Amino acid sequence: MKEKKDITRRGFLKLIGKGTGAAVGISLLDIPGFQKLLADELAHVPVIWIAAGSCTGCSVSLLNSLSPTIQDLLLGEVVPGKHVALEFHPTVMAGQGDQIIDILDKYKAGKPGSFILAYEGAVSTKDHGVYCEVGEKNGHGISTLQHLLDLAPKAMAVLNVGTCSSYGGIPGAAPNPTGVKPITDILKEKGIKTPVVNIPGCPPHPDWIVGTIATVLIGGLGALKVDKHGRPLAFFGKNIHENCPLRGQFDKGNFAKKFSDDGCLYELGCKGPVAYADCSTRMWNSSTNWCIGSGSPCVGCVEPEFPYVDSMLNKVDIHAATAPSTYPGIITERGSSIGAAATAVVGGAVGLAAGYSIAKSKNSENEKEE
Ligand code: SF4
Ligand code: SF4
């Protein structure tokens, strides 16, 4: 008999908290009655996963989930007595043919708010979305656009898993021949008001996916705090550049001129200064390493602009030239701390000395938005 494994309270806190810095002030842990909710029973919420135009990397990333493992997530229990019911996933489900399309029909005709709709990949809109279809009915393919329009109004929430469904990503890059649009825009145009949460990334970290789903299961949608791009702040509240181990090299003006050189990767096109995710602290592949740690510039895969108009290797402007959040506070001669604005000026001076354009001094894009 299979041993049952739950995400323990401790495990959930670890999952959520791994990349959460005090400086961000994230509040998943501020959920009213959070401690009690963890102990209470959760609602049994089915998840319908549609794979639109994608490389399937987001599914592969989810399958790499370590804590909990994907087996525990789907076959075990999230909390005692409850597990995630992945009712439909075209890549990993065993069923096929009419049998599985009937599942979708059941939810399309079902009562509103009874399931979570997860969308991976880009949704084409040109020519009624004919460029990407999942399944067929009466001999006609069903576009992922049509599935979205049928399922989204009935879903409790739409989770856009990955940058393609969130913002268009690589399939939506110019010249965008299939008319890919962010799902948020498609729903808005159709007047569908179902809440949308974006979990971008190319691919997204498995913790970002599992942690977001678990948070919704435990605390409801109200437990998620998101930024201006609809991303959960718990995972996307930190600026890569502010928390990069090479930030000292940037401040010293020590830049790599070619791949494999020592130094900050800014001149090789690093998008860390404009990218928001907790990669530097959470890290990837079971906390083994991350992009910059392995010598690659951050390509800003979590940002709406990805893959960037000209080139992923072009330099970006520095918009948030503050001292790294990992540095200790700055103490003046009289013993008082320099405020955020003054810190920005200091950071700005460093950036200017290094010869880079300071668009504007502010602590972070996200803070400005709030
Ligand atoms: S530019 Fe990139 S490599 Fe350099 S400090 Fe910032 S995030 Fe790190
Ligand atoms: S470091 Fe940058 S490119 Fe790498 S996963 Fe994080 S956001 Fe994406």
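Select helix H9 first: 13 of its 14 residues are buried, so the rest of the structure largely encloses it. Here, buried means that 20 or more other C-beta atoms, placed from the backbone, lie within 10 Å of a residue's own. Helices (H or I, at least four residues) and strands (E, at least two) are DSSP runs, numbered from the N terminus.

Before moving on, note that this is a predicted model, where local features need pLDDT of at least 70, side-chain atom pairs count only at pLDDT 80 or more, and totals for chains, interfaces and linings use all residues. Residues are numbered from 1 along each chain as its sequence is written, while chains are lettered from A and ligands numbered from 1 in the order in which they are written.

Just after H9, click on glycine 220, which takes a positive phi of about 80°.

**The sheet**

Now show the strands. You will find an open sheet of 5 strands in the order S2-S1-S3-S7-S9, with parallel pairing; two strands pair if DSSP finds at least two bridges between them. Strand S2 (85-88) and strand S9 (196-199) are at the edges with a single partner strand each, so one side of each has no neighbour in the sheet.

Next, select S3 (116-120). Are its residues buried or exposed? 5 of its 5 residues are buried. In a regular strand the side chains alternate between the two faces of the sheet. On one side of S3 are Ile116, Ala118 and Glu120, on the other Leu117 and Tyr119, and all are buried.

In S3, leucine 117 is the bridge partner of isoleucine 48, and in S7, valine 158 is the bridge partner of leucine 117. Continue into S9, where valine 196 is the bridge partner of valine 158. S7 (residues 157-161) and S9 pair in the parallel sense over 4 bridges.

**The ligands**

Which residues are closest to ligand 1? Of the 14 residues that surround ligand 1, the closest are His241, Cys244, Cys264, Cys270 and Gly272. Finish at ligand 2, whose surroundings include Trp290, Cys291, Cys298 and Cys301. A residue counts as near a ligand if its C-beta atom, placed from the backbone, lies within 6 Å of it. The shell around ligand 2 has 10 nonpolar, 2 polar and no charged residues. Ala, Val, Leu, Ile, Met, Phe, Trp, Tyr, Cys and Pro count as nonpolar, Asp, Glu, Lys and Arg as charged, and the others, Gly among them, as polar.

Methods: Contact = placed C-beta atoms within 7 Å. Axes fitted to C-alpha atoms, helices over the stretch in contact; angles between N-to-C directions. Buried ≥ 20, exposed ≤ 12 C-beta atoms within 10 Å, placed from the backbone.
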